[in-house]
Amino acid sequence: MIRPIPAIEAIPAMTPFVGPEQLMRESGRTALLRLGANESAFGPSPKAVAAMSQELERLSWYGDPESLDLRDALAAKHRCSPEQIVVASGIDDVMGLAVRAFVGPGGTALTTRGTYPTLVYHVAGYGGRTVYASYRSDGTIDVDALLEIARRERPSLVYLANPDNPSGSFLSRGEIRRFYDELPHDSLFLLDEAYADFVDEERLLEPFFDDRLIRMRTFSKAYGMAGARIGYAIATASNVQTFQKIRLHYGVNRNAQIGALASLQDETFRCHVVDETKRAREDYYALARELGLGCIESCTNFACIDLGTAERATSVMNELLRRGVWIRKPGAPPLDRYVRVSAGTAEMRAEFARAFRAVLTEASV
Ligand SMILES: *Cc1c(COP(=O)(O)O)cnc(C)c1O
């Protein structure tokens with residue numbers, strides 16, 4: 001009889017993510033207002049689209065396995081050397097490499113219950129164990145709880161996202177630095193900066209290199225290239241060398257390399273997206289205020305609106321879906337009483353606001 005290895009067989013059957021396509025198939029809809037996955041409503045840079053379109057014919061070629069042009073450009077952006085950058089098919093891919101290299105079978109990883117979930121899937125898939133801290137009641141990452149558990153459990157890897165998803169909350173440069181300094185010295189700090197492009201650089205952890213620190217960035221959010229699947233890690237040359245041993249040499253889409261490079265050269269477009277996103281967040285805060293609901297202050301391209309209880313948040317989400325509006329909600333307390341709405345264009349926001357008001361006033365939620 002054919003069986004997977006025990007670590008995989010022990011994982012309960014699950015679908016990691018029910019996407020909007022599946023929801024459309026289930027409901028027979030041909031379109032949804034797509035505000036559930038923090039995709040950019042503002043698209044990729046027109047310059048990236050042009051560069052990728054021009055190179056489409058060469059999709060018969062593999063990309064440069066070293067992604068060197070892109071790494072050179074990223075090294076200039078982050079004022080480091082290309083040896084300190086590794087490109088992969090998104091942060092999700094980098095996380096898999098980190099877990100495989102630094103956690104592995106029997107190893108321990110530490111994270112916050114209910115935060116961005118991919119790390120936990122990888123830890124289970126590679127036969128490790130995850131231990132959890134909880135969010136603080138205000139929806140921020142509880143760095144002190146993480147530190148306390150880290151001292152007790154001695155995890156080989158500690159993960160947090162800053163800004164965080166799904167809360168949108170942000171830890172200051174000083175708080176992140178203190179957290180890093182106080183972590184046990186045998187724990188690697190895996191810092192997910194998927195939303196860093198929405199935050200002024202001087203508010204982020206300062207650039208420095210140490211084997212205990214791996215930072216991850218992506219072109220999926222502010223650069224609007226989620227479907228191209230491309231992201232990267234900033235790490236010591238030694239950690240990059242480790243990833244080089246195990247990453248797929250052709251794991252990065254050639255067109256994504258081209259689009260990412262062109263995106264980096266279009267800072268005007270990124271600033272436009274950041275401005276539009278700020279406007280979107282403010283619209284959502286105003287909408288919540290109008291309806292007497294609270295929000296978590298967000299530094300990302302989404303906002304969380306407080307519906308008081310997990311049950312109400314779930315029924316509002318389901319009722320919106322019935323009306324063709326796709327949003328999501330955090331699964332674990334204390335954030336499960338919120339719904340999370342991605343930044344849309346002005347038209348998308350207006351459509352969301354109409355449906356949200358209607359659901360809260362007409363439907364019995
Ligand atoms: C969206 C998101 C990711 C996924 O990034 P990819 O580069 O698309 O894999 C990772 N981390 C967080 C916190 C995210 O919100």
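Biologist: Where does Pro163 lie?
Modeller: Pro163 sits in the loop between strand E5 (157-161) and helix H8 (173-182). Keep in mind that this is a predicted model.

Biologist: What is the peptide bond from Asn162 to Pro163, cis or trans?
Modeller: That bond is cis. Its omega is near -5°.

Biologist: And which form does the bond from Asn165 to Pro166 take, cis or trans?
Modeller: Cis, with omega near 15°. Pro166 also lies in the loop between E5 and H8.

Biologist: Why flag those?
Modeller: Because most peptide bonds are trans.

Biologist: What about Arg79, is phi positive or negative there?
Modeller: Positive, near 50°, and Arg79 is not a glycine. Arg79 is in the loop between H4 and E2. Most residues other than glycine have a negative phi.

Biologist: On to the ligand. How many residues surround the ligand?
Modeller: The count is 13. The closest are Asp192, Tyr195, Thr218, Ser220 and Lys221.

Biologist: How much of the ligand does the protein bury?
Modeller: The protein buries 94% of the 390 Å² that the ligand exposes when taken alone.

Biologist: What classes of residue make up the shell around the ligand?
Modeller: The shell has 5 nonpolar, 4 polar and 4 charged residues.

Biologist: Where does the second largest pocket lie relative to the domains?
Modeller: Between domain 1 (6-43 + 268-362) and domain 2 (46-266), because both give residues to its lining.

Biologist: Which element supplies the largest share of that lining?
Modeller: H11, with 9 residues. Helix H11 spans 267-290. Helix H4 (68-77) and strand E7 (213-218) each supply at least two lining residues as well.

Biologist: How do the residues of the lining of the second largest pocket divide by class?
Modeller: They divide into 17 nonpolar, 17 charged and 3 polar.

Biologist: Which residues line the largest cavity?
Modeller: Pro65, Glu66, Ser67, Arg71, Ile85, Val86, Val87, Gln244 and Arg247. Strand E2 (residues 85-88) gives the largest share, 3 residues.

Biologist: And how does the lining of the largest cavity divide by class?
Modeller: Into 4 nonpolar, 2 polar and 3 charged residues.

How values were computed: Residues numbered from 1 in each chain as written. Predicted model: local features only at pLDDT ≥ 70, side-chain atom pairs only at ≥ 80, totals over all residues. Heavy atoms only, no water. Helix = DSSP H or I, 4+ residues; strand = E, 2+ residues; numbered from the N terminus. Nonpolar A, V, L, I, M, F, W, Y, C, P; charged D, E, K, R; others polar. Domains from an automatic or database assignment. Near = heavy atom within 4 Å. Areas by Shrake-Rupley, 256 points an atom, 1.4 Å probe, with all protein chains shown as cover. 1 Å grid on protein atoms, 1.4 Å probe; cavity = no way out; pocket = protein on both sides within 12 Å on 5 of 7 lines; lining within 4 Å.
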